[in-house]
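Below is a short briefing on one protein chain.

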Amino acid sequence: MTATVHLLKLSVGTEDIPDLADWQATRRAQTEDGLPRHVTRMWPKREAEILNGGSIYWVIKGVILCRQPVLRLDEYLGADGIRRCAIVCKPGLIRVEATPKRAFQGWRYLPVADAPRDLPAGRQNEDPLPPELSQALAAIGVR
């Protein structure tokens, strides 16, 4: 049986969760079938584990704030002819417990045991806290 692993990715230039949602609603950030995607230079070696229920966890301003289930990995050829990986996700962002995360480049694997828990269903539609406040609260253990 194949294990599951998640991806961890910085959402560079994103101010908050609604900002990420707005970006994903643009045609540039979507596949031909209208699904949100993130294009990355490297193809994950652990593809089978990601496609076995994995999500991409988004780090916004130093805090993991939300995730999206990964549906598939598509080949993407840039205008420069270089093969890249498009991580195609289920539409919609699932909020998770705010968890601080230091900056890093590219993406990282995130073991299931280390992934932040989803916020309860009753809290999914709450207005998110400003990233700085989420980071400060997470740093002292308040989620």
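**Loop residue R27 and the overall picture**

R27 sits in the loop between α1 and β2. Helices (H or I, at least four residues) and strands (E, at least two) are DSSP runs, numbered from the N terminus. The model is predicted: local features need pLDDT of at least 70, side-chain atom pairs count only at pLDDT 80 or more, and totals for chains, interfaces and linings use all residues. Residues are numbered from 1 along each chain as its sequence is written, and side-chain values use heavy atoms, with hydrogens and water left out.

**R27: contacts and distance**

- Apart from neighbours within four places in sequence, R27 is in contact (heavy atoms within 4.5 Å) with E32 and G34.
- A polar atom of the R27 side chain lies 2.9 Å from the backbone oxygen of T31.
- That pair falls under the term polar contact: a pair of N or O atoms within 3.5 Å, where within protein one must be able to donate a hydrogen and the other to accept it, and residues adjacent in sequence count only if both atoms are side-chain atoms.

**Other loop residues**

- M42 belongs to the loop between β2 and α2 (47–50).
- M42 counts as partly exposed because its relative accessibility is 42%; buried means under 20% relative accessible area, exposed over 50%, and partly exposed in between (1.4 Å probe, protein chains only).
- Not counting residues up to four places away in sequence, M42 touches C85 and W107.
- The C-alpha atoms of M42 and A86 are 9.6 Å from each other, while the two residues are 44 apart along the chain.
- K61 is in the loop between β3 (55–60) and β4 (63–77).
- K61 has a relative accessible area of 36%, so it is partly exposed.
- The phi of K61 is near 50°, a positive value in a residue other than glycine.
- Most residues other than glycine have a negative phi.

**Residues in strands and helices**

- I64 is part of strand β4.
- With a relative accessible area of 4%, I64 is buried.
- Leaving aside neighbours within four places in sequence, the contacts of I64 include L8, Y57, W58, V59, V96 and P116.
- T99 is also among the residues in contact with I64, and T99 lies in strand β6 (residues 94–100).
- T99 has a relative accessible area of 15% and is therefore buried.
- The T99 side chain reaches the backbone oxygen of E97 at 3.0 Å.
- I64 and A115 are 51 residues apart along the chain, and their C-alpha atoms are separated by 9.3 Å.
- E49 is found in helix α2.
- Setting aside neighbours within four places in sequence, E49 is in contact with T2, A3, T4, V5 and G54.
- The C-alpha atoms of E49 and H6 are separated by 8.0 Å, and the residues are 43 apart along the chain.

**Largest pocket**

- The largest pocket holds about 370 Å³ of space.
- Its lining has 18 residues, and W23, A29, R37, H38 and V39 are the closest to its centre.
- On a 1 Å grid over the protein atoms alone, a pocket is an open set of points where a 1.4 Å probe fits, with protein on both sides within 12 Å along at least five of seven lines; lining residues have an atom within 4 Å of a point.
- At least two lining residues come from each of β1 (5–10), α1 (17–24), β2 (37–40) and β5 (83–89).
- By class, the lining has ten nonpolar, five polar and three charged residues.
- Ala, Val, Leu, Ile, Met, Phe, Trp, Tyr, Cys and Pro count as nonpolar, Asp, Glu, Lys and Arg as charged, and the others, Gly among them, as polar.

**Chain as a whole**

- The chain has three helices and seven strands.
- From the N terminus, the order of elements is β-α-β-α-β-β-β-β-β-α.
- The radius of gyration is 15 Å, close to the 15 Å that the globule rule gives for 143 residues, so the chain is as compact as a globular protein of that length.
- This radius is taken over C-alpha atoms, and the globule rule is 2.2 Å times the number of residues to the power 0.38.
- Of the 143 residues, 40% count as buried.

Notes:
Grid points are joined across faces, edges and corners, and a volume is the space filled by probe spheres set on the points.
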